[in-house]
Amino acid sequence: NCLTSNFKIITSNLFENLQNNIYDLIIINPPYFFKAPINDAQKAWYCGNNGEYFEQLFYQLPLHIHSSTSIYIILADNCDIEKITAIAQKYNCTFTLRESKKIFWEVNYIYALNY
């Protein structure tokens, strides 16, 4: 029952405020358009001109997982998936497509991340 479960909400830029935490499950709905955000609202959509968000994400993820952690990322067909996966590969992270679904004007993909 979610109403009686104990949980904590933490605001963090990636893992910045989550030091030393190891997770069993991580689900990421990232900003995935390659453009520099100019305010906090744009950080929901833009990952930086060169994908700085993804550079930090794929660098930091291994510090917060164990050998059985499940990691999923949600991307859409209107983002540069090849560029994102190329950044991931620099950090020995690969993508395995688990699900795809057309929603309105775009196709959404759920990938499992593998380290």
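Colleague: Happy to see this one! What covers the buried residues of α2?

Modeller: A word first: this is a predicted model, where local features need pLDDT of at least 70 and side-chain atom pairs 80 or more, while totals for chains, interfaces and linings use all residues. Residues are numbered from 1 along each chain as its sequence is written, and side-chain values use heavy atoms, without hydrogens or water. Helices (H or I, at least four residues) and strands (E, at least two) are DSSP runs, numbered from the N terminus. Judged by contact (heavy atoms within 4.5 Å), the cover over the buried residues of α2 includes α1, β2, β3 and β4.

Colleague: Which residues of α2 are buried, and how wide is the arc they fall within?

Modeller: Helix α2 spans residues 81-90, and its buried members are Ile81, Ile84, Thr85, Ile87 and Ala88. Here buried means under 20% relative accessible area, exposed over 50%, and partly exposed in between (1.4 Å probe, protein chains only). Taking the directions from the helix axis to the C-beta atoms, these buried residues line one face of α2, because they fall within an arc of 155°.

Colleague: Which exposed residues sit on the face of α2 turned away from its buried side?

Modeller: An α-helix has 3.6 residues a turn, so residues three or four places apart point the same way. In α2, the face turned away from the buried side holds exposed residues, namely Glu82, Gln89 and Lys90.

Colleague: And which residue with a positive phi follows α2?

Modeller: Past the end of α2, the backbone takes a positive phi, near 60°. The residue that carries this phi after the helix is Asn92.

Colleague: Zooming out, what pattern does the chain follow along the sequence?

Modeller: The protein chain has two helices and four strands. Its C-alpha atoms fill a box of roughly 40 × 30 × 30 Å along the principal axes. Read along the sequence, the elements follow the pattern β-α-β-α-β-β.

Colleague: What share of the contacts joins residues at least 24 apart?

Modeller: For context, 33% of the 115 residues count as buried. Counting contacts between residues at least 6 apart in sequence, the share that joins residues at least 24 apart is 59%.

Colleague: On to charges: which salt bridge partner does Lys90 have?

Modeller: Side chains of opposite charge can pair when their charged atoms come close. The cut-off for a salt bridge is a side-chain nitrogen of Lys or Arg within 4 Å of a carboxyl oxygen of Asp or Glu. Lys90 is exposed at 55% relative accessible area, and the closest N and O atoms of its salt bridge are 2.6 Å apart. The pair links distant parts of the chain, 35 residues apart, with Lys90 in helix α2 and its partner in helix α1: that partner is Glu55.

Colleague: How far apart are the closest N and O atoms of Lys43 and Asp40?

Modeller: The structure holds two salt bridges, and Lys43 with Asp40 is one of them. Lys43 is partly exposed, at 48% relative accessible area, whereas Asp40 counts as exposed at 62%. The closest N and O atoms of this pair are separated by 3.2 Å.

Colleague: Is His64 buried or exposed, and which residues does it touch?

Modeller: His64 sits in the loop between α1 (52-60) and β2 (65-76). With a relative accessible area of 6%, His64 is buried. Not counting residues up to four places away in sequence, His64 touches Phe15, Leu18, Asn20, Asn21, Ile22, Tyr23 and Ile26.

Colleague: Which residues does Leu61 contact?

Modeller: Leu61 lies in the loop between α1 and β2 and is buried, with a relative accessible area of 0%. Its C-alpha atom is 18 Å from that of Ile81, 20 residues away along the chain. Leaving aside neighbours within four places in sequence, the contacts of Leu61 are Phe15, Ile26, Ile28, Ile71, Leu113 and Tyr115.

Colleague: What is the phi of Asn20 near?

Modeller: Asn20 belongs to the segment before β1 (23-28). It counts as exposed at 73% relative accessibility. Its phi is positive in a residue other than glycine, near 65°.

Colleague: Last one: what is the phi of Phe104 near?

Modeller: Phe104 is in the loop between β3 (94-103) and β4 (106-114). At 70% relative accessibility, Phe104 counts as exposed. Its phi is also a positive value in a residue other than glycine, near 55°.
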